[in-house]
Each structure stands twice: as C-alpha cells, then as structure tokens.
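Hi everyone, thanks for making the time. I'd like to walk you through one model today, so please have a look at the sequence and structure while I talk.

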Amino acid sequence: MRLLQRGRTKRFEAVAVPHLADVYRFARQLENEQRAQDLVQETYLRAWKYFDSFRPETNCRAWLFRILHNVWRDAGQRARLEIPLTEKEETLIEPYYDWEDEFLKNELSMELERALSQVPALYRWAILLADVEELSYQEIAHVMNCPIGTVMSRINRGRRTLARLLRSRDAELIKELDEIKDESTRSI
Amino acid sequence: MDCKEFREVLDLYVDQELSFDASTAARIHLNECSTCRRAERELIRLRRALKLVVSQHQPSADLVSAVRRITQPRWRRLFDITKRKPNAADVARARRSLWRETIKLPMPVFMLLVIAVVTVTVVFTRRRMFSAPPSAGVYSKTEAIKPADLGPPFEAADLSRFDHGGRASLYKELR
Amino acid sequence: MNRYTRIALILLFCLVALTSDGGSSHLAVKARPATDDLRRIRFDVTTFEEHNGRRDVISETTVEGPQGTDFQIKLQGGRFQLDAKFLTDLVAPEVLKVRADLNTRRLYGYSERNLPLYEEGAQKQALQLGFDEKLVLLPFGRNDNSDQLKIEITPEVSGQSAYLASGMARPLEIKILKASPGGAITVEASKVPHRFAVEAVLLEDGREVARGETNESLLEEPQDIVLKPTEQAGPEIVNNPIILKLDINRYLRSRPTDQIAIAFDAHSPERQRPGQPPPVAFSAAGIAELGSTLPYDLSDYYLKSSGRKYELRLRVKLAPGEEAN
C-alpha cells in the first residue's frame, strides 16, 4: 500500500506540481494574494484527491485549470459582480472597430493589470486561458464547461472590454493633462 | 475577404482557430490592408502584454511547501524530513506530538461520545427514511454522482444505434 | 481546541439540528383546510424505441406534484448526454405553459492535446400545452428510416388533492413504472416558486430618483424593467433613463431563507448606434436572500462626470399568491 502511495505521490509531483506557478499566476489575476493562495491550495487538494481519474496522456495543465475553475466558482459565487448568464442568446460576434489605434503605451504596466481586474470575471477567464495559457477554444470550453460559441463570445468581448478600459484611462489622463494645461494658461 | 469579414475573424485568426482556407484568405487580406495589419499588430501586442503582466507574480515559498505537503503522509508534516535523517528520538517526539496535537479529550470519553452521536444519527436517519418525505425540494432517482466534472465523463448505456448526428427536437401533438 | 474536539462538537451540533429539524418543519408548513381543491398535475414520461412502425417501451416514469412542478429528464449514453429541463405553470384551467431548456453534448473526438472534444447544443422553447396534447422529445432528432428514440410527456390532472387531510402539502411523487436499461434515462422533479415581485430603485447621493417595479417576473425569463424618474429626479436623470434587463435564473433552497440568483444588464436605450443592440453600461449578477436588498454602485458607469454617487438597489420577493413551499 505504501509503495502504491509513493508511486502515486511521485507521479503527482512529476505531473501536477510543476504547473503550480502557472495556476498561481492565473489565480492571482482573479483574486488578491491571500485568496489566490487559498484557491491554489484547494485546487491541488482536489487534484490530489481525484488524481486517479486523471488520464496521463491528456493535458494536466488544462485539467488543473478546470479544477481551479470549479473551485473558484464554488467558493466565490456570492455577491460577486459577474457577467450575466444569458449568453445563450448572444452568439453574435461584434464587428471590430477597436484595434485601429495604439492604445497600449507600455506593455508592462500596472494600468494593464488594473484594467484586467475590471474586466468581468468570466471574460477574464476566457482571455487569460486563450492569451496566456494558449489553450485551444475546445480546451477552454472544457475548462469553463460551456459551449464553444460562448468561449468565442467571451474572448471577443473580453479583449474589447480590456481595450476600452485601457483607452478610457488614456482619455482620462489626456483630459486631466488638458485641464492642468488650461489652468496654467489662465493663470498667466 | 474584406475588412469587415476580417475583423469578424480577427480573434480566431490570431488564436489559430481558423480553417486552412479561411486562414489563407485572411493572410491575403492582411498583405493588402494596412489598417487590418495594424489591428492584428495591436491585438498581438495586447496578448504579449497580458503574458508579461501575468508572469510578474510568483508563488511564495510557503505556498509551494503547502502544496508539496498535500501529498506527504501525516507524520512527515510534523517535522521537515528534508533537512536531516530522523533518528529514534525525532520519531518518538513526532508520535507524542501527534497524540498531543490530535487528542485532548481522554480517549475513552472521546470514543463514547463518537459512538453515542453515530448511534443516534443512524437511528434518526432510519426513522426519517421510512416516514413521509419533505413537501418540497428535489426528488431524484438518479444513480450516484461520480466526480464527472474532473475529466471525460459518461460511460453508460449504448444509445449509439439511435444517434445519427441529428439535433434534438421538441414539439407537441394531439394525444 | 484540537481537531477531534472540534469534530465532536460539530457532530453534536448536527445531532441537535437533526432533532430540531423535524419539529420546525412541521411548524413551518402552513395548515390548509381539507376542502381546498387545488389540483395536482401528473406527467407521464414514457420513452419508446420506434422501428419500422413498431414501438417498444424502454422506460416509464410518472412525476406528480402541485401546479408549477418542474421536472428534468436526463439521458446518458456512452457518447451522448441530454439534459432537458421543463418549467411548467398552469396559466389557464386547461392550459399549461411549458418552458423547455434542452442541452445536449456529443463526444466526437479528442484534441491534439488529448482533451475530449464535444459538440454541444442548446435550445430554449416555450409552448402552451393543453391536457389533450402531449410533448414529444426526440433526443437525436427525427429519423424515420432507422431506429428512433422518442420521449413522450403527457400531462394529466391527478385525482389527488394538493393537500393531505391534515392540511400539510402532499409531497412530490416520482414513480418508476419501468426502469431504463443501465439507468440511461432518469427523471427528477422539483417545486420552486416561479413568480417574483421585483423592486429596483436608483439612488443619487442616497436620495431615490428613479424606481421600477414588477409583480410578474418569471423564473428563467429575462424581463425589462424601466426605472421611471421620481419627483426628486433632476433633468439629468430624466434625460438618461435606465432600463434593467433582469433574469432571475435560479431559486436556491437555503436556511434560514431561500435565495435567488439574478443577473442583469443596466443600459440606456438612447445611446443606441444604428443597427447595434443597445450598449451595455453595466452588467452584474448576484445571489441574495429573498426579500433582502442587493446594492450595486453605478457611480463609475452612470453620469460619471456629475461627480455624484449613484447606487442601484434591487429587491426580489415572491409574487403575491406565490408560496415558498
């Protein structure tokens, strides 16, 4: 029994634990540091508990993200602002007009992280899984347990919401700078 | 492919989810349209920026240890086995700590309490099973639910002889 | 306190809760006069296999409960899954309104990274069903040339009263007359309230400036609620009306009070671009106890340049005449 346990432990450490950093970084984009740590620990607890159901030939990272999604959903549904769930009717992809200008001044910026935190959670999930984890749409649908059309819609809306949030911050900054300029001109 | 069509598939193009033909058509349009090229470039920049932003965070050493401890047997968690080989005194101390940590009630009292609670719970549950069910709530005659949400699910009856790929349909008719 | 002592105390509390639960639920049920003739409705759910004009019954189940009983049919095959939810309401003496939500999942292969790939379908349908009619569900669609699986749902008015002689509500009943092989087809039933009264209030710096109400918001049916400016509203509020598209999408049994899950969009109808749906100004969701207030801070989304604080408060209760049990 102990030998079996040791084998299982070794496999888990070889297969699942190496993705800890990815899972943590993802969770960190959903919650603050303390909550992210809780989510990660709960994810790995469940992963260890159900490790026997994991098929070794499949993608462990995606499997862990699916567990993380379930943990996050179970833990935090109360009083959280989320996108409404009536997405079945909204399969239209909105036409693009937002990528014309350069809105991302500095790629590594606190502005981007702040803007990302304002994107509705389900959209955030979709764009992080697509852009950071580079999962396919089918894999994202499996992780988020939703139809692939919904995945496409969430990615589309998530990216555009993020771009708009970034652009509106720039607009405010420009407005603030203009106001400062006006005041200084008047005082001369 | 025109600009409107390209914009509608821009996400799919950048995520490499388009079919070969659509992807080729998109590439041809990009060669001809500087506006759409700029749009593609901005989206790729956004993706790259997201990766950089997310990668800034690292799990703390405490979190890494906590996760590693999940798979360790209980007695190893009491002292760090990686630092040195445990001697007999360490093991004895660990066993005593285990006892002290877990049991503060005298053992006979604790066992009596557990037996009493379990007996009463079983008796009460059996009585409820044979009495009228609650007036509201979910009634289910399903089988036991497996942790099916953690991997490829369903192994059950073979209904494949009915499945010709058609879409479910619902309608009404006279009896 | 150590872990085992904690466990012992928790077990004790559970024991107390179990012993008190039977008593309190007796007290919570409203007594009804035995002469009340509220009818119960029975749904016969029969699954057939049809081949060359021949019909073989695979399974048969009946669900019986008071008006407004919902049921769910699940079909589970090796590579196919169907989840069909039916919300029913008696809208006229001989007419049922049935809202169906069908979800299917078909495994068709594995990705490059060996994750399962599913083809998924989702449909919503609303039907009016008379007691001289029946619903027919074809999980795999129509196929007249080969074996076809068909589920028929036939409504009947039950001879039983909705209440027992003691005045207690008669419980929901599911009877399996013939079980499906391998448990492929299962039926569940539940009775939750369907009709809700919603009150939405917009506050500007703590003063009520707009209000919207409805007494007939149905479960799982999005509804528009227009927030009408009150007398205290200034011209900015009057010129920037808000419409809520509210969906009460789940009813959750809970203690001490049941809860509802809602989701809504708040948008302005006037900033519409031609050919575009109205832009969403604010989307949110939440879970709250029935009757409690859900507040949402709209200051960053509504009349932001005014510098005033705007708050939306939502309250959902059962509609008049609707019961929790």
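Let me start with a question: in chain A, in which helix is confidence lowest, and in which is it highest? Keep in mind that what you are looking at is a predicted model. The lowest confidence in chain A falls in helix α8, residues 148-187, with a mean of 68. At the other end, helix α2 of chain A, residues 20-28, has the highest, at 93. Taken as a whole, chain A has an average pLDDT of 75, and 68% of its residues score at least 70.

Two stretches of chain A deserve a word of caution. Over residues 78-97 of chain A, pLDDT stays under 50, and there the model has 45 contacts beyond four places in sequence. Residues 183-188 of chain A also stay under 50, but for that stretch the model has zero contacts beyond four places in sequence. Where pLDDT is low, the predicted coordinates should not be read in detail.

Now on to chain B. Its secondary structure amounts to seven helices and two strands, and reading from the N terminus, the order is α-α-α-α-α-α-α-β-β. Chain B has 175 residues, of which 14% are buried. If you take contacts in chain B between residues at least 6 apart in sequence, 39% of them link residues at least 24 apart.

Let's zoom in on one helix pair in chain B. Two packed helices are described by the angle between their axes and the distance between the axes. Here, helix α1 of chain B, residues 3-14, packs with helix α3 of chain B, residues 34-55, at an angle of about 25 degrees, and the axes are 11 Å apart. Because angles under 35 degrees count as roughly parallel, α1(B) is roughly parallel to α3(B). The crossing of α1(B) past α3(B) is right-handed.

So who meets whom? From α1(B) we have Cys3(B), Phe6(B), Arg7(B), Leu10(B) and Val14(B), and they meet Thr35(B), Cys36(B), Ala39(B), Glu40(B), Leu43(B) and Ile44(B) of α3(B).

Last, chain C. Its secondary structure comprises two helices and 18 strands. Chain C has 325 residues, and 28% of them count as buried. For contacts in chain C between residues at least 6 apart in sequence, 52% join residues at least 24 apart.

How values were computed:
Residues numbered from 1 in each chain as written. Chains lettered and ligands numbered in written order. Predicted model: local features only at pLDDT ≥ 70, side-chain atom pairs only at ≥ 80, totals over all residues. Axes fitted to C-alpha atoms, helices over the stretch in contact; angles between N-to-C directions. Helix = DSSP H or I, 4+ residues; strand = E, 2+ residues; numbered from the N terminus. Parallel < 35°, antiparallel > 145°, perpendicular 65-115°, else oblique. Left-handed = near helix turned anticlockwise from the far one by under 90°. Contact = placed C-beta atoms within 7 Å. pLDDT = per-residue confidence, 0-100. Buried ≥ 20, exposed ≤ 12 C-beta atoms within 10 Å, placed from the backbone.
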